[in-house]
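Could you show me around this structure, one selection at a time? I have it open in my viewer and am new to this.

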Amino acid sequence: MKNLVVARTGNEAMAEAMRQINPDVVAAYPITPATEVVQLFASFVADGLVTTEFVPAESEHSALSACVGASASGARVMTSTSSQGLALMHEILFITAGLRLPIVICLVNRSLSSPINIHCDHSDSLASRDSGWLQIFTENTQEAYDTTIMAVKIAEEALLPAMVTTDGFIISHSMERVELVDDKEVPNWLGERKVKYSLLDLDNPITLGALDLQDYYFEHKRSEIEAMDHVLPIIDKVQKDFGEKFGRHYSIVDEYRMDDAEVAVLAMGSTGGTAKVVVERMRENGKKVGLIRCRVYRPFPKEAVLKAITKSKVIAVMDRADTLSTMGGHLYNDCRSLLYESNVKPLLKNYVYGLGGRDISIEEIEGIYEDLLAIKKTGKVDKDIVYFGVRGE
Amino acid sequence: MKKEKKGWREMPIGLVLEAGTSKEFETGDWRSDKPIWDAKKCTHCMICWIYCPDTAILVKDGKIQGIDYHYCKGCGICAEECPPKIKAISMVREEK
């Protein structure tokens with residue numbers, strides 16, 4: 001199949017994906033740096049390129065609430081937001097997941113206030129990691145486009161909501177080469193959303209989201225946990241199917257030159273792309289370094305991450321957010337927990353970096369690899385958690 | 001007989017229940033005061049029917065028939081809103 005090659009920013013690519021998906025309902029509220037996604041989509045609505053019912057809401061809380069109602073009626077529903085917008089949706093995130101509504105959010109990662117900042121870190125999505133949403137972090141514009149399309153299918157099959165993230169400005173506003181799937185192929189591949197219940201099915205009325213006290217709340221939560229436990233094979237299947245059909249292949253955890261890597265960086269989002277360049281450079285000089293990129297973050301791909309991190313002796317776990325728990329970043333805590341029962345235990349060093357959009361350069365990542373190689377020699381991690389690139393350390 | 005509670009595997013996905021389960025809720029047993037309707041005084045103006053938050057005023061062919069004590073919580077709004085010159089509803093202490 002011949003794909004159309006275009007130049008698009010991350011936001012434009014996500015909007016294109018939404019145009020091709022042609023959701024039944026989009027309800028949204030603008031916020032930097034995600035504004036463009038919905039702004040462009042609104043112009044597609046105005047130009048008659050989609051048949052979507054577009055609801056410009058008065059806040060993100062209302063936007064996601066409108067999405068919940070629409071999704072419960074059986075519609076295919078999408079929205080987009082960032083940072084404070086996601087924080088304002090927080091209450092409804094849990095409701096969406098509890099009601100098992102497969103809404104997809106195009107999320108552009110941006111730091112949470114305070115201090116107010118519009119640039120990239122992962123504090124917004126990671127603050128929502130326990131809400132029961134699937135979280136997929138993308139590395140570049142192409143991946144953002146492809147994953148947005150795949151997320152619809154994954155969410156509807158798993159009956160769970162999904163957020164697909166790009167790094168604010170780094171991906172959302174950077175122009176890259178993107179291959180688009182043919183307009184007709186996307187709806188063909190996705191098919192219609194199939195629902196068992198609908199709020200608009202008057203012949204089979206239902207009660208949705210009733211009060212659920214000591215007698216049934218726990219059972220409902222337990223079944224939600226079970227759903228999360230079955231998601232990874234669904235993601236795997238959808239990604240394989242997408243790859244076979246459209247020629248671009250994705251994995252749950254991306255391993256790059258890991259087979260003989262003595263030390264490795266584990267990261268999420270665009271930093272994965274930067275680190276790949278570093279890996280190539282250092283490999284040319286005979287240094288055995290590798291990269292692991294956690295693409296799916298929720299549910300946490302335990303087995304795939306464990307398999308990847310135990311291939312190397314020393315791992316730099318890169319967190320673009322801090323838990324403020326004095327225990328380091330989110331990914332670092334997940335990895336430490338993962339290694340508790342593992343016989344093979346690589347040394348871990350947590351690099352909390354890039355908060356508020358502070359850039360991380362090729363040279364800096366090369367420096368991190370050099371650190372790891374030194375740790376491998378001594379067998380000792382000098383400091384478990386470092387705040388990388390901050391002044392005054 | 002007490003119904004056996006379901007385990008999580010037997011429940012429908014996504015907090016879905018059959019419709020209309022609130023009909024089984026006997027909210028009448030919350031009552032501490034009970035409205036007594038006087039058929040002789042009532043002019044069938046329907047003000048109590050409009051105000052009743054539990055649709056517990058029974059109506060047939062445009063005429064009030066009485067109060068549905070299965071659902072009436074005894075809030076007293078009907079007695080309060082019944083026009084002062086009519087006073088067809090009075091509240092009495094609930095006794096069982």
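This is a predicted model: local features need pLDDT of at least 70, side-chain atom pairs count only at pLDDT 80 or more; totals for chains, interfaces and linings use all residues.

Stop 1: In chain A, select the strands in the order β3-β2-β4-β5-β7-β6-β13; they form an open sheet of seven strands with mixed pairing. At its edges are β3 (53-56) and β13 (296-298) of chain A, each pairing on one side only. Neighbouring strands here are turned by 20° against each other on average, direction ignored. Now zoom in on β4 (residues 77-81) and β5 (residues 104-109) of chain A, a parallel pair with four bridges. Find Ser80(A): its bridge partner in β5(A) is Cys106(A).

**Stop 2: a helix.** Next select residues 231-246 of chain A, which are helix α9. Which residues of α9(A) are buried? They are Val231(A), Ile235(A), Val238(A), Gln239(A), Phe242(A) and Phe246(A). Look down the axis of α9(A): these buried residues fall within an arc of 100°, so they line one face of the helix. They pack against β6 (134-137), α6 (141-158), α8 (217-229) and β13 of chain A. Turn to the face away from the buried side to find the exposed Pro233(A) and Glu244(A). Just after α9(A), click on Gly247(A), which has a positive phi of about 85°.

**Stop 3: where the chains meet.** Show both chains: 12 residues of chain B are in contact with 17 residues of chain A. On the chain B side, seven are nonpolar, three polar and two charged. Finish with strand β9 (residues 206-208) of chain A, joined by three bridges to the antiparallel strand β1 (residues 16-18) of chain B. Here Ile206(A) has Glu18(B) as its bridge partner.

Conventions:
Residues are numbered from 1 along each chain as its sequence is written. Chains are lettered from A and ligands numbered from 1 in the order in which they are written. Two residues are in contact if their C-beta atoms, placed from the backbone, lie within 7 Å. Ala, Val, Leu, Ile, Met, Phe, Trp, Tyr, Cys and Pro count as nonpolar, Asp, Glu, Lys and Arg as charged, and the others, Gly among them, as polar. Two strands pair if DSSP finds at least two bridges between them. Helices (H or I, at least four residues) and strands (E, at least two) are DSSP runs, numbered from the N terminus. Axes are lines fitted to C-alpha atoms, for helices over the stretch in contact, and angles run from 0 to 180 degrees between N-to-C directions. The expected span of a helix is 1.5 Å times one less than its number of residues. A residue is buried if 20 or more other C-beta atoms lie within 10 Å of its own, exposed if 12 or fewer, and partly exposed in between; C-beta atoms are placed from the backbone. The arc is that of the directions from the helix axis to the C-beta atoms.
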